[in-house]
Structures are given as C-alpha cells and as structure tokens.
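Please look through the structure below with its sequence at hand. The paragraphs that follow take it one part at a time.

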Protein chains: 4
Amino acid sequence: MSNDTNGPNHQALVDIGRAKIAWAKNHSPVLGSFVFKHLNDGTLRNKRIAVVVHLEAKTAYLATLLANAGANVVAAGSNPATTDGAVVAALRDAGIHVVSDAGSDLATWERELHRAADFEPDYVIDDGAELTARIGKYRPDVFQSLKGVSEQTTTGTARLYALEHAGKLPFPALTANNARCKHMFDNRYGTGQTTLQAVLRLSGRRLAGSKIAVIGYGYVGRGIAEYAAKLHARVMVIEVDPVRALEAHMDGHHVGTAHDVLPHAEFVITATGGIRALARQDFSLLTHDVILANAGHHDLEIDVDALSNAADTISHPSPDTTTYTLGTRDVHVLCNGALVNIAGGSGHPVEIMDLSFAVQGIGAHYLINTPLDPGVHVLPKVLDDAIARSKLESLGVTLAQPRPEQVDRHDGLIDEIEL
Amino acid sequence: MSNDTNGPNHQALVDIGRAKIAWAKNHSPVLGSFVFKHLNDGTLRNKRIAVVVHLEAKTAYLATLLANAGANVVAAGSNPATTDGAVVAALRDAGIHVVSDAGSDLATWERELHRAADFEPDYVIDDGAELTARIGKYRPDVFQSLKGVSEQTTTGTARLYALEHAGKLPFPALTANNARCKHMFDNRYGTGQTTLQAVLRLSGRRLAGSKIAVIGYGYVGRGIAEYAAKLHARVMVIEVDPVRALEAHMDGHHVGTAHDVLPHAEFVITATGGIRALARQDFSLLTHDVILANAGHHDLEIDVDALSNAADTISHPSPDTTTYTLGTRDVHVLCNGALVNIAGGSGHPVEIMDLSFAVQGIGAHYLINTPLDPGVHVLPKVLDDAIARSKLESLGVTLAQPRPEQVDRHDGLIDEIEL
Amino acid sequence: MSNDTNGPNHQALVDIGRAKIAWAKNHSPVLGSFVFKHLNDGTLRNKRIAVVVHLEAKTAYLATLLANAGANVVAAGSNPATTDGAVVAALRDAGIHVVSDAGSDLATWERELHRAADFEPDYVIDDGAELTARIGKYRPDVFQSLKGVSEQTTTGTARLYALEHAGKLPFPALTANNARCKHMFDNRYGTGQTTLQAVLRLSGRRLAGSKIAVIGYGYVGRGIAEYAAKLHARVMVIEVDPVRALEAHMDGHHVGTAHDVLPHAEFVITATGGIRALARQDFSLLTHDVILANAGHHDLEIDVDALSNAADTISHPSPDTTTYTLGTRDVHVLCNGALVNIAGGSGHPVEIMDLSFAVQGIGAHYLINTPLDPGVHVLPKVLDDAIARSKLESLGVTLAQPRPEQVDRHDGLIDEIEL
Amino acid sequence: MSNDTNGPNHQALVDIGRAKIAWAKNHSPVLGSFVFKHLNDGTLRNKRIAVVVHLEAKTAYLATLLANAGANVVAAGSNPATTDGAVVAALRDAGIHVVSDAGSDLATWERELHRAADFEPDYVIDDGAELTARIGKYRPDVFQSLKGVSEQTTTGTARLYALEHAGKLPFPALTANNARCKHMFDNRYGTGQTTLQAVLRLSGRRLAGSKIAVIGYGYVGRGIAEYAAKLHARVMVIEVDPVRALEAHMDGHHVGTAHDVLPHAEFVITATGGIRALARQDFSLLTHDVILANAGHHDLEIDVDALSNAADTISHPSPDTTTYTLGTRDVHVLCNGALVNIAGGSGHPVEIMDLSFAVQGIGAHYLINTPLDPGVHVLPKVLDDAIARSKLESLGVTLAQPRPEQVDRHDGLIDEIEL
C-alpha cells in the first residue's frame, strides 16, 4: 500500500477514482432509483457488510450505496489482478474501509481477505465465494454467525451448493447468479462481448477466418462462441456435458476433445468456471503462436504454473502478454490467466453491471429483511421482475400488459374438469 | 373418412405414407437405437398408449415404435389442420388404430378425440394436453385411472401445472417440454426456422428490410425473432413478462405494446402459447397488406372468428391464405391461424424431432417403469443426458471427458472448512 | 399445349393466373410508378420485344406493362422447369403472345425459343442470354438486325462478354446484372434466402449443425453461404478465384477442393453460373444421403445425365426429389438440377423482383431511346440511382441530402494545387 | 523531437519499437515472402520512396522491407494522432529517415509533411493523398517530376480522381484501395471490427439494445453497421447515395436524415471519407450522453472546432474522451475526432494489414517497373490474384482448380454463332 496518502499525487488519484465512480453512477439507473429506495428504508443501518467483488468503479458505486444507506461496509477485491488503485483511493477518501490494494500478489491478496474476515461481517456480497470460503477456513466462529451471503458467479454458486451438500452451510445464501436479471444479461452480453474485445485488442489479431477453441459451453462460453462466430471465426468447443455439447453442435460449432481441437486453435479461451481446464497434458497439443486467455472465474483455469515449469524460456513482449517458449513453439498467455475482460479491459459494460449489482443490492436487502432457513436460495421472481421493470423504465420501454381475455390461457378446458 | 380402403388409389396412398414414415425412420437415429432398445425390454407389452401429436410421418414413426414394442396404440392428431392422410392410411394398413382423418373440421376433431378417450388409454403421449383435458371432461372415470401423461409443449405444460395447482391431477405427468433435449432444440431451432420458412414461402415476400412483430418472447418467439433479424428484418416484440421484454430489448429488438408496434408491422407472428394474442381490439391497428401467422400451439392465438365478424369481405387469394378486408385494408391470415410451420409446411426438421420424440418415448417408458407420485415431473437428468449422448454418437461427435484433476472444481476450499 | 382453352377449367386457370399477376403488381411499386411512367412516353409503340425470363407472375407483370405501353410482346420461359401454366393462360387471355407452356421437356423448350426467334424481335429482355444465343445460331438474319438486348444474369452477362470478345456482338447489350439495383439485392437477398428455403422445405432437414458445401462464391454463392451460416450450418466453399476464396475464408467458411469438401457435405449447392460444377469425377466423393441442389442459371451445373448413367437405381421418393443409388449410397437431387428456388419454390421475393425488373424495363426503354455502339453496356448510374430513389420513396424512407459544406470533400487541397 | 537519443531510456524505446516491428513481421507472411521476393529483384535500388501512412509497427515493417530492398526511404505519419514513438525510434535506429514524431500538433505535422516533400521522392506510398496533395501545393516542382503514387484509402482515391478530373495529375497513380485484396478485407473486416472495439472499450458502454447512428454506408460504414447489428445494437444509417441507402434499408437498418436519426442515437460514428459529416447544424439534435467517434480518414468528419465553439464547458473525463457540455447535454468525443480505431486502439489486425500493405508494396514495385500514362490506375488483376494466392498459401488453404470440362461455361452456344 502506498503511504503517499496526503500528497498532491494522492489527491489526483482520488479525483480520478471519484470521476470513475461518478461515471458508474450516471449509467446505473436501476441502482440509483429502485435499489437506492429499497436500501434506504433504514434496515441496513449498522449492518456489517463485506463487498468482495472485482474492485473497480461499478463495484465501488455499489459499496457506496450500501454505506450511504447506513451499513458498515468493508470492500475487498475478489481477484488481485483487477483492483483499481484510483477507485480504492476514492473509496477510502469517502471513509469506506478497503482492505485491498492494486498490484497485490497472491499471498498479499490472501492476507487482504483475512482482514476482510476479521472485519466480522454479518453479510457478504461475494464473487466466487472467495470471502465466504476463507471465513469458513480461517474464522469458523464468524462463519457460524454469518447471517447471509449473496453470490455473484456460477463458480461461487457451485461452491455454495457443494457446501450445502456437505452439510457445511449454516446460513442462508442467495445465488444472485441464478436470478434471471443476472445470468441472462451479464454472463451472455457482458462477458461474451468484453472477453473478445480484450483478446483482440491485446493480441492485435483478427478473428475473421481464424480458429478459436472455447473450453466450456455454459452461459459465458456460449456468449463468447456466439460473438466469435459473428465476427467470422471458426469456433471449436470442448465440453463435458452432453446436452451442452449437442447445443454447441447445433449452434454450428465443431465439438470435440482437446486432442481434436487444440492442434487447430489459433486462440483458446477457457470458460469452465472450474480449474485446470487447460493443463499440463494439453501443452503438447498447442500450436506455435497460439493466444491463451481465460474468461472464467479462476486464474487457475489455465495452469500457468505448469506452463511456466514446462517452458524453455519466458518473455514479456507486452505488459499484458507472457510468452512461454516450448521447444519451437511460442504460447502467449494474456493477463497471466486472470479474467481477461477485467484484468485486460475495463470489465463488463456499465449498463449490464447495473442489472447484476441491482440483484446483489436487492439480494442483500432481502437477506437482511427476510427470515430464511440455512441453504442456497434464489431471489424471488417478484424482485427479479421488479428489477427488470425498473430497467425497462429507465430505457423508456413500455411493457405490454396482459389482457383479461388472455388470462385464461387454457380456454376453459381446466375449469371444466371435475374430479 | 374415405371408404375407399381397398382400391388402387388407396394402395398408392398407403405406399406414399409408408415412404414418408421410412424417411422419418432413416433420419431418426436416436429413436432407432437408444429409444428402440429401451422400449423393447418387454415392459410396454399390452400397455394401452394414446399418441396425440400432429399426425404426420415423424409422429407415425414414434407410434410404430411403440406398437412394435408390444403396446396397444391409438393415434390421433393434436390439431385438425395438420393430419396427413397418406400417413394415416399407412398406419392403419400396419394395424395401428387411428381415430383421426385428414381434413376434419373442429367438430369432427372433437369427436375423434372422444374416440381416443373411449380407447381408455393407460398412458398418453400428448401435445397441448389436448387429449388429457378431454379425458378429464368427457371420461372422468378414465382420467382417474390414467397411469401417466407425457406432454410435448409449453402450452400443455402450463395446462398440467394449472391442473396440479387446482388439485385436479390424480396421476403423474412428465413435461417432455422441460427436458433440455426438447426445448433447447425443438422450440429454438425447429420452430424458428420452419415458421419463417413457411411464412416467406406462402406470402412470397422478403424479410430483408421489412418490419415483423413477434408476440410472445419465450423459446419459440425468441427463435423466430433471432432468425428474422438474421434475415435482415427489423423485429418488434410484444411481451408481458418484464425479464423477457428486457431480453428482447438487449437482443436489439424494438419492444413495445400493441399500439406501438402493430401500426408498423408488415408481418405479425403470434407465439404466446396462449389465446387471443391478436384480438378484436388490435384489428384497427393493423396496416393494409399485413401478413398474420401463428407459431403457437392454439389456432386461437389469432382470433380468426372475430376477424371474420369484423371483415367487410373475405377472399382466398391462394389455398393457404385468407384475406379479410376491413374498410380499405387487406389483412392476410396464413393457414387460417393454425400452426403455420406444420399446417403450411412440413413441420420441424426430422433430426430435431428425433430428439423431441426420444424424450417422449423415453418418457413413456419411464412412466411405465417408475412409481411416481401424482403431479408434474421432469425427465431425470440422467435420461436427458443419455438422449444427448446417443444423438452425439449418431453425429460422430466425441464428447470430452472430465479429468481427475478438474474434479475438485473448488480447489480444496470446501474440504478445508470444518464446522 | 392444352387445347382446353374454352372450358370452365380454362377460365379457372386464367383467374388464378390473373390473381397471381395482380398480386405481383400490388407489390411492385417501382414498376407501377417510375417504370410505368417511362414506358408510357410513346417510344415503345409497335416495338417488337421478346421477354424471356422465368415465366411466372412477376415476369408476366413486366410483359403486361410493356404490352400496355404499346409494344408488340412475345413471352417465353428461360427455363422449361419454371413456367407457370396459370400465368401463361392469363397472359394469353390478355392477348399477349406466349410461346411457352408449363411442363415442356428440353426439346419442346428449344422449339419454343425458336418460335420466339421467329417472332423477329427488335429487342430482347433475356435471362442467361438464352434467346439471344439461339437467335444467333438459328436466325443469324434476326441477330444482325437486333437493336438491343437487356440481360438479367451473371451467366448471360458472361456470354455477352464472350460474344463481344469473339467479335460476334453486332448490337448494343445492357447488362442489367451489373446495375447496382440488380446484383446488390436480387443475387444477395433474393437467391440466398429463397434457395435455402426451398432446399429445407423439399428435404425436410435441418441446417443447424449440418455441413453444407457451396460451389462458387460469387454474389449468389456468398448469399447462400451467409444465410446458411446464420442458420447455424457449417459452410464449406469450393472456389477457383483466389480473391473470392480468400473472402470465403475470412467470412469464416472452410475453403477447399472437391476432395477436401465433398466427403463431409450433407448438402451441396452449386452456384457457379457455369456448367458441370458437380460432375462425374465428384460422384465417388459424395456421402450417403447427401442432398444436391442448384442455384445457378443452368440445369447443367449438376451433371444429372452423368449421375443417371452412374446410378444402379433411380427412384422418386417425392415429386421434387430424384434419388440416385450408387452402390450403398443414396444421392438426392432436388428439382432435377433446375434452379431450386424457382422450380421448387416461388422464386425471389416480389419486392426484390420489383427492383430487378425495373432495371430490365428501364433498360429496354434506354436501349430504345439511346443511340449506342454495339457492345456490352451498363445502365447509366443516373438511371440506377433513380430506380433506388423510387424504391426508397415507396418504402417511405427519406434520403439524406448532401450539404453545401460537405461538397468540397477535399477540404480545399485540390484547388490549391496549380500546375 | 526528443533529444534523448543516446540514453538508456532511448534504448528501451528502441527495443520496444523493434519488438513491435518484429511482431508485425511475424504475422505478415505475404509481405515476408511474396512481396519480399518482388521487392528484392534489384529494381528498387536507390529509388526515393516516401511512405506516409499511420506510423505504427505494421507500416514500419513495410518501410523496412522497402529500405532493405535498396530504396531510399522517408517515413511520415498520415495523421498526427497515430504516430507511435517507439516505432519511430526503432526505425531511426535502423537508419531509416523519419520526419514525424509522436504527439505532434497539426502545425508540426504540416511541417513534417513539408520535410517529406523536401525529401523529393520519386514515389509516394500515401494515405489520404496527404503527402501527394502537399507536394502539389508546396513543391510543384517535385509534383511535376513524381513518377508514381500508390494510395491506400477511399478518401485519397477520391482526391486523386478529383485531381485527374481537374487535369492536375501529371503522373500515374495506383489506387491500392480499389484492389480487391485491399477493400474487400481491410475496409470491411479491419475497420468494422476495430472501430467498434475501440468505441466500446473507451466508452465502457454496451451495444446490446442500444441505438447507433452510422453516417456513410460505404465499405467502412457497412462493416461497422454489420458488426454493430451482430452485437445486438439497433443501427440507423444516414447516407446520400440512393443505392447505398436502399442497401442499408435491406440490411435491416433504419435509414433517415440527421433529423430523423440523431435525436435517437446513443452512439454516432462518422464514416463518410469526407468532411463535416457531423457539423454545427447537427449539434442541437444530439442527445445527452451521446458518444461521438470517427472511422473515416479525416479528423474533420466531426467538426470538433465548431463543437468547441458551441460548448459551454469542455472537460476530459478520461485521456481519450473530451466532453462538450451544451446546455444540459453532455456530448463525448472520442480521440478528438481522429480515427478511433488507430488513435484509440491498435489499428487493424495485423493479418489484414499484411494484405493491404502487400497491395501497396507490389503497387510500388509495379509503378517502378511499368511504363504507365499519367492518371489513376488499378493494380492488374493478375497481381491482385497473386497476393490472394500467397495469403491462401500462408493459411494452408487449397484453392480449387478450374476443370477442362468447365472451361466452356457457355456450353458451346457462343461458338456456334457465326456472323
């Protein structure tokens, strides 16, 4: 952490961070109206809330909203590569407790999360269940007394279900990811668009006519494959789920195993939400000059450590590219395997995060105000719908109304049955 | 029904029907291998099964498979406009009981369904819950003793849930529609593609640059809108669900009410799965020369009776088109408001129906062999996956396998938590 | 030709044909206003004009417009498989001389074209240069005195240039195909859309996930490939021109030779505008159950005669499908290799033909009113633009106007140079 | 220009520039083989060649190739906003004469071009005809003795034709832009993709569901509109050419005037190749928070000076964004109106520039080796084709070969005509 918290450079940094947060605010109408109104009903006052999401301007605006509603907020980054120093400076300047700094290495980041656990939050707005899992390991006392977790991602949702299945979830957890206002927009429009943008910008290559392998065909992978095909790439998919694999086939992509696919790929994007999607045994399949990038939650989808061990030489042709030379082949990894659209870009479009963070903000409010059994829950449809209504209103879109004569969709058939 | 069951014309009809069913068989590898093996384990012997789906070649092949496995099958059409006379002749020639004929009017069709109810089936493979609902009304005794229903569509699924909610579902019902191997392919690739094909062929118009209104943005409506946009149409969507409306907006379509949208539409396609999606109060909004067509289950989505009452004159410029003249405006309805892709085309692609009918065939087998509580059930994921695996195999696609080192997706985090 | 020209069936046929032509008229605003005005300035009076295009409703409307403007018109079909009997009946009933009949075989069609040559036209509106070439062979006297030809297609344009190059073009010929209002719309939106529509409807197959080979990547082939990719097919292209082959590659298609491509294709579409694009030596490369169809001008792109010679058996599973069995492989040819979108569909969308026939109608008027040297000419840009303006007007589209301050695009740079 | 040409920082800059040029070389197989071979036949030796294109790595590789082939090269940037300082340092270090520096203002840039004119080149590889026009104005003596110009862009081609039309073109000029290997790839795949990438990254906005106005529907505008529609934007087009306007309509875009379109646009992209496409009279039509960016050659397409005069306040929320506040409306201009994909991104994909610069390199060689009349010329088709062949070879794509039996495309018809 820089000690330079009083000098002129510090103030410039605060000003830049403030401008970024103001920009996020200006383009987040659902957070600014619908969510704002809910949060400010007094129920957040003095609640201890940890916000552990990629620590950039949009997250900062969510944290600010919670703090302004009276909550006692601690903010931490869910990934060491994605923390924005200017935003951190502005948050601290506004009196919000931030435990993360830009540029932390993995060990430092672990310590930051421990500090967030020591904050002893009642509620966690989490991403990848990173803080939740660490509270469980490091502060089991806090884990037992947690009042609720709202989780952002597919990866974190899988972890929460695993905890529940193992009988280790003593508090209610909301999977924001399963809200329609989250996964139907964020995972599809957000990640697909911004992942390819970042890969193309950082690599300087063209997609038209090139071959790209997408590993994992969930919402994120499907979005990436769809955009890549539209940009005239030839898409190949590696997927272990048979229905998704069939979907990828019907979408016009070549579906196969790592052995079928990797020797042809000019780009490989991992999007499994798991770990080691591209691992030691795959390296011999990669072609010279291939670009590797990760769109999934973990830095661990591309096994960069194994790649490092396998490489004859390692070079850095540009700040965001590491080149591993394996014999005669150069393998380029973007952003060291971190989420390429955030670490190597500016993350999701602000209007999409307005929806995702609305789900998180409303989710936190719902957890605070609703008695729920321990276990994984989904945001009630009525709140999901209300977020969509607020967004439509901000967009000036008029929703059609159901008409009385349409209400009996069953044309009397059901009513006439008597048992 | 034609009495001409022995003459040479009859034999020619049987031959045509047989050729069509043979064609369906040749392009249905999942039905022919995976489903065939399941059905022929002896458990279908002497089971009374009603198959009530659009009565064309692909349905006939499913009915034949069931009969060959020893079941006592009755076949009926789920819609009077979609029954293929040659297929009926071939089925009857093969000794299968068929209660429907081509060209029936609505009253005749009702009598056909009553005959199917009087067959007293144990199991129903249904479409729109058309037979199930009629058994409920007309033969409550049979309704009480039904052992299971497997339902094809969104509309029928809604009806089954409504019955369950009203406490009127005394048997287990499988919603084939909710199987991923059904709705992820049939509703999206099947209906979207074939609806537009039929509309363009029957109307002789171009989509490029034209404005098309899609009413309802479920799987079917979304598929139609997606294809229309790809064919360079400008798509407008009317939808009452706020999240779907937002999805339509983010997909790049204009979203609005009937008043916003209809005065600009050159084509209007209904896809709500309900009734009166285009009704009396909308007629004044339609422009001269507009084409109306229906892609939803019901002939009732376009209120053709009301249109008929409102029209000054009615003409038939071509066999599949009815023109209603309202003052100075001509409104053209395709296929009298029946499902345009089946009534005015040849239905879904055969390879897609291979998946949908695999779900129905496996669903019937599952109902017969599994003790289930009354209520609506979904096909177990393991069977859904097995259907997809069989399809992938027939397509020569190799599925990737999960690797041991990927199995702990949670990288140890969960295990280390102790409560 | 049917002799039944007075009976009630004949009148019904005339009525059907009239209704079809009226429908074409109603959807052809450019022909009905801009072209109508030009043609009716008196200059067409008593000119002998042959119209030799696919003889269906849209062509009939063009012929009617010319006749109503005072021309002495003979109409013939440019392909024996695409003549519409009802349209022929209606044209004859209206007093227009028609030499073609529906259902003619190739020999009859040749005789029909000879009759058109014997009509001794001054001007020919041609398609594929079919009449022009036959006048050249059969009636060199008429060929020498021809005053002008306006040609519809890429194929015919190539023939005209070949004639010019061989010193055998003693009259001015307009290549309508090179007008932007023709090839930018007709070849791309018209053929791409309607070819795939016809192939999918006649075959009952799905494109999603399937492999389609397109032979020839000109405007037509590119349109087909584009639509097929959008319908989620995997497209393979065979092309001999290197720049077009590179374009196909950059569009995301697999580019290769017949040996690379055909063994993987489930559909093969020819679109070279030449002959024998799929010939004897290719048959051993085709897979079982492949669908072959032609989108190019000639019935000769698929060498059906050679296929017939090579086949063990030939069958007709449906009216529009011929199945050639080669050993264990079935090869299905749609519409006997004729243009599948016209012979097996209803041709191009009417609004697109409004543009193409506007070019032909204005082209004929231009030939009549403008002294031109022998040779191939292109419609002047000012007329091409005027057709587009008329279409935009009919569509209610307002064209932006250049502004004075934009007029010097060169920002003074050019003016300041003095030599 | 920095004087620090010997310090350690300078060497680091040289190394960065070298690495960039090496990267360009590694991904430019056509330049590296086909073009290299042509250039090194000895004919370039001691020729004075000016290379005036955006001065970044790919241009530097072209300049290096020319210099290594023995030419006496001067390099200048065609736009002051797009010169890369590291690349300049590396070129100078390699002994190539570079007159431009990064960060020059307009006046400095003019002086740089004058220095390039004073180099008295025999040949110019130009972009926008920027150096050609300045030689004409500033050094008419050099202009008279110029031996040839090869021009990159639509804008520059228009200028050369204007010069020819005004009788002011005393030397042969090749329009590289009209080579198929240039405009079919560079303008379409290159600019469309990279312009939207840059706009989305710099603005942090989403395209899905948003409205974007594209001014100008040439190759560049069409590419932008196509990609924007694929990313689910709703596209509006302003175009003065009626055929292009009709094409935009048929592509599914809304076509209208500035008054129709601008009040709805969230993004406005200029792509006319002219000047003042977005000018004083348009400002009142812009909505609050609109993003303006330019994809055309000139910084003058968006009249930034007029916007500056009209603004109440001007701010710089980020390095690449200038915000003009007009009353209550904020109007954001990206990269000050310079080409957003180069000034705010890293330009075209390297593999696309390999084609464009192959055309320029081969064009220069052709000018040097071929006696041509003064006037605008197009690269011969045989050379265009050869470039495509070389690219296909580098991509491992096998081109199909015409077969003898296809050669007579006219099926004998032409031969049988005798005059």
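A place to start is helix α6 (residues 130–138) of chain B, which holds both B:Glu130 and B:Arg134, 4 residues apart, about one turn of the helix. This is a predicted model. The side chains of B:Glu130 and B:Arg134 form a salt bridge, with the closest N and O atoms 2.6 Å apart. B:Glu130 has a relative accessibility of 5% and therefore counts as buried. B:Arg134 is buried as well, with a relative accessible area of 8%.

In chain A, a salt bridge reaches between two helices. The side chains of A:Glu110 and A:Arg134 meet at 2.8 Å, N to O. A:Glu110 lies in helix α5 (residues 106–118) of chain A and A:Arg134 in helix α6 (residues 130–138) of chain A, so this pair ties together parts that are 24 residues apart in sequence. The two partners can be set side by side: A:Glu110 counts as partly exposed at 28% relative accessibility, whereas A:Arg134 counts as buried at 8%.

C:Arg139 and C:Asp118 meet in a salt bridge of 2.8 Å, N to O. The pair joins distant parts of the chain, 21 residues apart: C:Arg139 is in the loop between α6 (130–138) and α7 (140–145) of chain C, and C:Asp118 is in helix α5 (residues 106–118) of chain C. C:Arg139 has a relative accessible area of 15% and is buried. C:Asp118, with a relative accessible area of 35%, is partly exposed. Back in chain A, salt bridges that share partners join A:Glu110, A:Glu130, A:Arg134 and A:Arg159 into one network. Over all chains, the salt bridges number 94.

The next subject is how chains meet, beginning with chain D and chain C. In this interface, 82 residues of chain D are in contact with 82 residues of chain C. The area buried between chain D and chain C is about 7,000 Å², and carbon and sulfur atoms give 64% of it. There are 4 salt bridges across this interface. C:Arg180 and D:Asp241 form a salt bridge in which the closest N and O atoms are 3.0 Å apart. The interface of chain D and chain C also has 6 residue pairs in polar contact, counted with both residues at pLDDT 80 or more. On the side of chain D that touches chain C, helix α11 (residues 242–250) of chain D gives the most, with 8 residues. By class, that side of chain D has 38 nonpolar, 15 polar and 29 charged residues.

How are chain D and chain C placed relative to each other?

The buried area is about 2,400 Å², of which carbon and sulfur atoms give 54%. C:Arg201, C:Arg206 and C:Lys230 supply 23% of the area that chain C buries against chain B, more than any other three residues. Between chain C and chain B there are 2 salt bridges. B:Arg206 and C:Glu351 meet in a salt bridge of 3.5 Å, N to O. Polar contacts across the interface of chain C and chain B join 13 residue pairs, both residues being at pLDDT 80 or more.

D:His332 lies in strand β14 (residues 329–334) of chain D. Is D:His332 buried or exposed? At 11% relative accessibility, D:His332 counts as buried. Its side chain and that of D:Asp289 are joined by a polar contact of 2.8 Å. Leaving aside residues up to four places away in sequence, D:His332 touches several others, including D:Arg205, D:Val290, D:Leu292 and D:Thr322.

Technical notes
Residues numbered from 1 in each chain as written. Chains lettered and ligands numbered in written order. Predicted model: local features only at pLDDT ≥ 70, side-chain atom pairs only at ≥ 80, totals over all residues. Heavy atoms only, no water. Contact = heavy atoms within 4.5 Å. Buried area = accessible area lost by both parts, 1.4 Å probe. Polar contact = N/O pair within 3.5 Å; in protein donor to acceptor, adjacent residues only side chain to side chain. Nonpolar A, V, L, I, M, F, W, Y, C, P; charged D, E, K, R; others polar. Buried < 20%, exposed > 50% of the residue type's maximum accessible area, 1.4 Å probe, protein only.
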